[in-house]
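Work through these exercises with the structure open. Try each task before you read its solution.

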Amino acid sequence: MTIKNDMDRLQYRKGGLLKLLLKRGDTLFSIARDNELSIAELLEVNPQIKNPDEIYAGDNLFIPSKGKAPVAKEPSKQESFLIVFRKKAKEVARKFKRDDIKLPETSEPELRKRILPINMRQFAYDVFGGDDDLTEKDLSPEEFAAAKEVTINALKRQSKAIGYPDYQTSEGSYDDVGGSVKGSQGVIRKSFEDPRYALKTTIGQASITTNDKGETILVDQYDFNEKNWKDRSFSIEGIKTFLGDVRRAVSQPEYGIPRTIGSYLGSAPGEGSNVKINLGNLEY
């Protein structure tokens, strides 16, 4: 049998089984195909799977070994702790998603008033390992209206992507997103008061596309555009990097501290929620 999966995902071999750490996009069909097995053979050694269509990134899957198979190095204690942490965090995220407490007067089924702005809800959801799509249904009515306004600003300058200037939340486009110490002050209050800023610190720059109905769609991926804890080495250089990150965070605490937490515990490029916000037919 030829194991075609990435070796760094094979954690260790135990009792004739290979233990595979699932990544986003894995399906039982693809794993069975790549390892020359049937789905029935996979299910036989994975009784924890109740629904074959529901397997999640971060979970473990056992693969029956036929003959001599390559064996990956058993993870270190540090790696094992991080793997367990991310798995438990994903379980929490699946239960809570990015909702917060719903106000009693809420009546609209799709766009509900929210207590917390989208940047705070999505940040917490991402740090806990959530990666479901971020859509218009996750926005408050004010945030949805702001998304339309910002997109129209971009379209008026004949752009196919939203840029920081389109949000019009600061004198300098980057002042309130870490560009200056003064501009990054009061951003927590600003998140509650200005839905454009809540969006700016959630999706930032996003592509503008249309579907076959002529509806405008914002497309992006939520991440911190930086290396996260998986890429930070436990070394002298890693410690120096961490101390530098802490110094920058302290200089702009309201913006810098959440940003630093996100860069270590949040999604790395290619890992976070896909942003797919349908703004409908825009008129401008």
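**Ground rules.** This is a predicted model: local features need pLDDT of at least 70, side-chain atom pairs count only at pLDDT 80 or more, and totals for chains, interfaces and linings use all residues. Residues are numbered from 1 along each chain as its sequence is written, and side-chain values use heavy atoms, leaving out hydrogens and water.

**Exercise 1.** Classify L243 and Q252 as buried, partly exposed or exposed.

*Solution.*
- Step 1: recall the cut-offs. Buried means under 20% relative accessible area, exposed over 50%, partly exposed in between (1.4 Å probe, protein chains only).
- Step 2: take L243, in helix α8 (residues 236-251). Its relative accessible area is 43%, so L243 is partly exposed.
- Step 3: take Q252, in the loop between α8 and α9 (253-265). Its relative accessible area is 14%, so Q252 is buried.
- Helices (H or I, at least four residues) and strands (E, at least two) are DSSP runs, numbered from the N terminus.

**Exercise 2.** Find what Q252 is in contact with, leaving aside neighbours within four places in sequence.

*Solution.*
- Step 1: contact means heavy atoms within 4.5 Å.
- Step 2: list the partners of Q252: G178, S180, V181, S184 and I257.

**Exercise 3.** Give the strand order of the open sheet, then its edges.

*Solution.*
- Step 1: two strands pair if DSSP finds at least two bridges between them.
- Step 2: the five strands run in the order β4-β8-β7-β6-β5, with mixed pairing.
- Step 3: β4 (134-135) and β5 (161-162) are the edge strands, each pairing on one side only.
- Step 4: check β5. Two bridges join β5 to β6 (residues 206-210), and the two run antiparallel. A161 has S207 in β6 as its bridge partner.
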